[in-house]
Amino acid sequence: MAITNDTVIQFIKYALAGGLATLTHIVIFHLVGWKIFPSLQEKDPAVRFFRLTIREVNDYSRARNSMIGNSLAFLLSNMVAYVTNVIWVFQGGRHHIVIEILLFYAVSGISVFLGTMLMGILIKKLGLLTTYAFGANIFTAVMINYVVRKFFIFSG
């Protein structure tokens with residue numbers, strides 16, 4: 001496969017759309033971890049930067065709560081990703097729109113599931129800061145999604 005200017009531009013658009021979806025995910029994850037399912041720690045960068053008051057929880061509860069928060073953030077941020085990908089990055093039409101959305105969520109769901117499990121393990125086994133474990137989760141998902149979306153879900 002030759003890399004063309006169109007491919008480079010498409011990847012830049014994908015990165016920008018993904019950046020918006022990732023920002024949505026990060027904001028929702030941190031809001032949920034702060035207010036609904038406590039999972040943030042005193043040393044997490046968002047807690048320090050925004051001077052948030054947090055509830056301390058043990059690593060088991062923090063891991064569980066961060067995984068719940070990540071799942072909620074996924075549902076909303078993935079819709080942002082789908083809408084921006086369809087409007088701005090890829091061409092639909094390979095599948096019926098319902099199938100396309102289901103495939104989009106399925107692929108994203110698998111990559112987020114793998115990243116979420118990694119996040120939980122990094123917290124439970126290594127005691128890693130929630131923010132760093134969350135970053136490993138995001139990295140895992142991004143690496144899988146572009147290729148699958150480009151070659152299997154959309155029409156290029």
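The legends below describe close-up views of a predicted model.

**View 1. Helix α1 and its buried residues.**
Helix α1 covers residues 5–36, which is 32 residues. From its first C-alpha to its last, α1 reaches 45 Å, close to the 46 Å expected at 1.5 Å a residue. Its buried residues are Thr7, Gln10, Tyr14, Ala17, Ala21, His25, Ile28, Phe29, His30, Val32 and Gly33. An α-helix has 3.6 residues a turn, so residues three or four places apart point the same way.

**View 2. Asn145 in helix α5.**
Asn145 lies in helix α5. Asn145 counts as buried because its relative accessibility is 6%, and buried means under 20%. The side chain of Asn145 makes a polar contact of 3.1 Å with the side chain of Ser111. With neighbours within four places in sequence left aside, Asn145 is in contact with Tyr14, Val107, Ser108 and Ser111. Tyr14 is also one of the buried residues of α1.

**View 3. The largest pocket.**
The largest pocket holds about 420 Å³ of space. It is lined by 25 residues, and the closest to its centre are Gly18, Thr22, Val142, Asn145 and Arg149. Helices α1, α3, α4 and α5 each give two or more residues to the lining. By type, the lining of the largest pocket divides into 14 nonpolar, 10 polar and 1 charged.

**View 4. The second largest pocket.**
The second largest pocket has a volume of about 160 Å³. Its lining is made up of Ile26, Val27, His30, Leu31, Trp34, Ala46, Phe50 and Leu52. The elements that give two or more residues to this lining are α1 and α2. Helix α1 gives the most, with 5 residues. In the lining of the second largest pocket, 7 residues are nonpolar, 1 is polar and none is charged. His30, one of the lining residues, is also among the buried residues of α1.

**View 5. Arg51 in the loop between α2 and α3.**
Arg51 has its place in the loop between α2 and α3. Phi of Arg51 is near 50 degrees, a positive value in a residue other than glycine. Arg51 counts as exposed because its relative accessibility is 75%, and exposed means over 50%.

**View 6. Gln41 in the loop between α1 and α2.**
Gln41 is found in the loop between α1 and α2. Leaving aside neighbours within four places in sequence, the residues in contact with Gln41 are Val47, Ile54, Arg62, Leu128, Leu129 and Thr130. Phe113 is 72 residues from Gln41 in sequence, and the two are 23 Å apart in space, C-alpha to C-alpha.

**View 7. Met117 in helix α4.**
Helix α4 contains Met117. Because its relative accessibility is 31%, Met117 counts as partly exposed. Met117 and Ala63 are 54 residues apart in sequence, and their C-alpha atoms are 9.6 Å apart in space.

Technical notes. Residues numbered from 1 in each chain as written. Predicted model: local features only at pLDDT ≥ 70, side-chain atom pairs only at ≥ 80, totals over all residues. Heavy atoms only, no water. Helix = DSSP H or I, 4+ residues; strand = E, 2+ residues; numbered from the N terminus. Expected span 1.5 Å × (residues − 1). Buried < 20%, exposed > 50% of the residue type's maximum accessible area, 1.4 Å probe, protein only. Polar contact = N/O pair within 3.5 Å; in protein donor to acceptor, adjacent residues only side chain to side chain. Contact = heavy atoms within 4.5 Å. 1 Å grid on protein atoms, 1.4 Å probe; cavity = no way out; pocket = protein on both sides within 12 Å on 5 of 7 lines; lining within 4 Å. Points joined across faces, edges and corners; volume = space filled by probe spheres on them. Nonpolar A, V, L, I, M, F, W, Y, C, P; charged D, E, K, R; others polar.
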